[in-house]
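Take a moment with the sequence and the model below. Then read on for a short tour of the metal sites.

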Amino acid sequence: MSEFKHKLVVGLEIHVHLCTKSKIFCGCELEYGATANTRVCPVCLGMPGSLPVMNKRAYEFAVMVGLALNCEIARFTKWDRKNYYYPDLPKNYQISQYDMPLAEHGYIEIPLEGGKSKKIRITRAHLEEDAGKNVHSTGNYSQVDLNRAGTPLLEIVTEPDLNSPAEVKALAVELQRIVRYLGVSEADMQKGHMRFEPNVNLVIDIGGKEVKTPIVEIKNLNSFRAVERSVEYEIHRQLDEFGETGKTMGMGNKSTRGWDDVNHVTVLQREKEEAHDYRYFPDPDLSPVELSDEWLGDIKSRLCELPLQMQMRFVNEYGLSEYDAGVLTGDRTTAEFFDNAVKAGGDSKRLCNLITQAGLKMANEKGCSLAELGFSAEDTAELAKMVEAGDVNTTAANTILEKMTELGEGPRSIAEKFNLIQKNDAGELEGIVDEILAANPDVVEQIRSGDKKSGKARSFLMGQVMQKTKGQANPKIVSEILAKKLG
Ligand code: ZN
Ligand code: MN
């Protein structure tokens, strides 16, 4: 099968739902999961005589993504009708942007293994409306739900710069992070907010000569796992097909295939239409969009630091591991919370431990974000400083963070209230150590005689001191005292 030397070539077409309050060309509310056909009006039902009006916010959201993807933003665009018949499309055309997309010629930087990154060129991004949904759950007939018809949809097309299933997945994950940071989409894959269509083929080396396999477009993938697996599958399928038929690009049309998530195979759907099949023409009901300097400036002012930049900054400036920086920048509120806590003077690694080990665990259990747990970045920084100063140990710090959530008090008052302040007074601790040694002469003898089990005996004495001090003794100081006394 894979006796051919080959290189994978993938470009992506992505559709992202924008989370505006209302639809793109009418005032209907956007609500996922509402009763079928209750979020519709004459415009999105395609009634004669109804007129669309552009949702300004949808356009701004789309421009924000274009800017975040380093695109050139068009200052003048228009709307086009893409004509085709389908039951979920009552107008018989989709309003889209054909030859004048709102954004072009950009790139997205995706993180790869080992802290590396790769730039994938963005061909274009344009705005369009989503269609409704055909429902096939009732007996031997189908139903149509038009609640989704008219949802603002951003279509993003990349150049074929992706060369492994892992890269394709990394792009999908990174794009999700970006649109969430920008607050322009919930990007919930399970709700169909993001759909991916990889265009896949192979460049095969046949004895020094390169040939290309026909391009296959895999339709409508709505999970990261399906994105990665379907591309992986296509590599093997195309190698097999080439081995059997010798078919190369240009012999027949581009085809589309669907992903069978049960059997883990792609299935042929149809040969692909060409653009001219859609009879695109400018929509006479909508005026073109002119983006003034002022409007563009206003949109730019709503951008934020992007997730990958933040992740790299956490590695380079705060000395975090790639992994920890990835966890902390998983969502924007957590990343900003951590950043603010470091800026409030907390040690970055201690804060990282507190947040990833205790904070995010609690947030996960309560089903909320870190920022919603009720303690501030400043108080968390204060807690990290207390650990740094030896006022509390790390175990106590995690407990304190939990109590901060419950009680809404600062770390110091909680530490005092629950007797979690660490005993650092060497004189006091020495007295306690002496008591413990006096009470355990046989153990002391065992250590002094250099018994094989002396390590275990030392741990026992340490445990006794901790018990006596209710866990408040500074273990570092205690072990220094023990070493001094026992040699
Ligand atoms: Zn409507
Ligand atoms: Mn589209």
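The paragraphs below go through the metal sites one by one.

The model is predicted. Start with the zinc ion (ligand 1). Its protein donors are the SG atoms of Cys 26, Cys 28, Cys 41 and Cys 44. They lie 2.3 to 2.4 Å from the zinc ion. Along the sequence, these donor residues follow the spacing C-x1-C-x12-C-x2-C.

Now look at the geometry. The angles among the four donor atoms of the zinc ion run from 99 to 115°. All of them fall between 85 and 135 degrees, so the site counts as tetrahedral. For four tetrahedral donors, the ideal angle is 109.5 degrees.

Next comes burial. A residue counts as buried under 20% relative accessible area. Cys 41 has 18% relative accessibility, so Cys 41 is buried. Cys 44 is buried too, because its relative accessible area is 7%.

Move on to the manganese ion (ligand 2). The manganese ion is coordinated by His 15 through NE2, and by Glu 128 and Glu 155 through OE atoms. The distances are 2.0 to 2.2 Å. In sequence, the donors are spaced H-x112-E-x26-E. Glu 128 sits in strand E7, residues 117–129, while Glu 155 sits in strand E10, residues 152–158. The pair therefore ties together parts that are 27 residues apart in sequence.

Are these two glutamates buried or exposed? Glu 128 has 3% relative accessibility, so Glu 128 counts as buried. Glu 155 has 10%, so Glu 155 counts as buried as well.

Methods
Residues are numbered from 1 along each chain as its sequence is written. Chains are lettered from A and ligands numbered from 1 in the order in which they are written. This is a predicted model: local features need pLDDT of at least 70, side-chain atom pairs count only at pLDDT 80 or more; totals for chains, interfaces and linings use all residues. Side-chain values use heavy atoms; hydrogens and water are left out. Donors are N, O and S atoms within 2.8 Å of the metal (3.2 Å for Na, K and Ca); water is not among the atoms, so sites may look incomplete. Helices (H or I, at least four residues) and strands (E, at least two) are DSSP runs, numbered from the N terminus. Buried means under 20% relative accessible area, exposed over 50%, partly exposed in between (1.4 Å probe, protein chains only). Four donors count as tetrahedral if all angles lie between 85 and 135 degrees; four count as square planar and six as octahedral if opposite donors are over 155 degrees apart and all others between 65 and 115; anything else is irregular.
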